[in-house]
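Let's take a walk through this protein together, from its overall layout to its core, its surface and its charged pairs. Please keep the sequence and the 3D view at hand as you read.

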Amino acid sequence: MRAEIAGGAYPPGTQLPSYRRLRDEHHVALNTAQTAIRILAVEGLVEIRPARGAYVRERADGGAPTLRAELTDLQAALRRSRLGLGAAENAVADILTRLPPEESGG
């Protein structure tokens, strides 16, 4: 996808195919397609618009993202990671409360 964007197959403003379509076209798992798009977003190549899809970003200098764009994307990725880790921690805590106590084998 990165090469296709760089090569102009997906010009700025173009909506990328859905995760399911990418899965089918590239014969990968759905989560692999999602991760690939997220990586492109972190790299500043695409913008993910919730419930609308991923779109190729305009480039300020004709190719490389600006430092501000890279830092903004990285900040957003860190925020998503923090939220994901918090949700995972809560899920683990919930599961632990449902487990029977361990017997001590002393």
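Is Glu25 buried, partly exposed or exposed? With a relative accessible area of 38%, Glu25 is partly exposed. The cut-offs behind these words are as follows: buried means under 20% relative accessible area, exposed over 50%, and partly exposed in between, with a 1.4 Å probe and protein chains only.

Before going on, a word about the model. It is a predicted model, in which local features need pLDDT of at least 70 and side-chain atom pairs count only at pLDDT 80 or more, while totals for chains, interfaces and linings use all residues. Residues are numbered from 1 along each chain as its sequence is written, and side-chain values use heavy atoms, with hydrogens and water left out.

Now for the layout. The protein chain holds four helices and two strands, and along the sequence they come in the pattern α-α-α-β-β-α. Helices (H or I, at least four residues) and strands (E, at least two) are DSSP runs, numbered from the N terminus. Of the chain's 106 residues, 17% count as buried.

Let's look inside next. In soluble globular proteins, nonpolar side chains tend to be buried together. Here the largest nonpolar core has twelve residues, namely Ile5, Tyr10, Leu16, Leu22, Ala33, Ile37, Leu40, Ala41, Leu45, Val46, Ala54 and Val56. Helix 3 and strand 2 each supply at least two residues of this core, and helix 3 gives the most, with four residues. For such a core, the rule takes buried Ala, Val, Leu, Ile, Met, Phe, Trp, Tyr and Cys residues joined through side-chain atoms within 4.5 Å.

Turning to the surface, you can find a nonpolar patch made of Val42, Leu67, Leu71, Leu74 and Leu78, with about 470 Å² of accessible area together. Accessible areas come from the Shrake-Rupley method with a 1.4 Å probe, and for residues only the protein chains shown count as cover. Helix 4, which spans residues 67–98, gives the most to this nonpolar patch, with four residues. Leu78 lies in helix 4 and counts as exposed because its relative accessibility is 51%.

There is also a positive surface patch, formed by Arg38, Arg79, Arg80 and Arg82. Helix 4 gives the most here too, with three residues. Arg79 lies in helix 4, and at 40% relative accessibility Arg79 counts as partly exposed. Patches are made of residues with over 30% relative accessible area and no salt bridge; like charges are joined within 9 Å, and nonpolar side chains (Val, Leu, Ile, Met, Phe, Trp, Tyr) within 5 Å. Lys and Arg count as positive and Asp and Glu as negative, whereas His and the chain ends are not counted. The place of a charge is taken as NZ of Lys, CZ of Arg, CG of Asp or CD of Glu.

What about charged partners? Side chains of opposite charge can pair when their charged atoms come close. A salt bridge is a side-chain nitrogen of Lys or Arg within 4 Å of a carboxyl oxygen of Asp or Glu, and by this rule the count comes to five salt bridges. One of them joins Glu43 to Arg2, with the closest N and O atoms 2.8 Å apart. This pair links distant parts of the chain, 41 residues apart: Glu43 sits in the loop between helix 3 and strand 1, and Arg2 in helix 1 (residues 2–6). Glu43 is partly exposed at 31%, and Arg2 is partly exposed at 46%.

Our opening residue belongs to another pair: the side chains of Arg21 and Glu25 meet in a salt bridge, 2.6 Å from N to O. Because Arg21 and Glu25 are four residues apart in helix 2, about one helical turn separates them. In helix 4, Asp94 and Arg98 are likewise four residues apart, about one turn of the helix, and their salt bridge has its closest N and O atoms 3.3 Å apart.

Finally, the backbone. Most residues other than glycine have a negative phi. His27, in the loop between helix 2 (19–26) and helix 3 (30–42), has a positive phi near 55°. Ala51, in the loop between strand 1 (46–49) and strand 2 (53–56), also has a positive phi, about 65°. His27 is exposed at 72% relative accessibility, and Ala51 is exposed at 92%.
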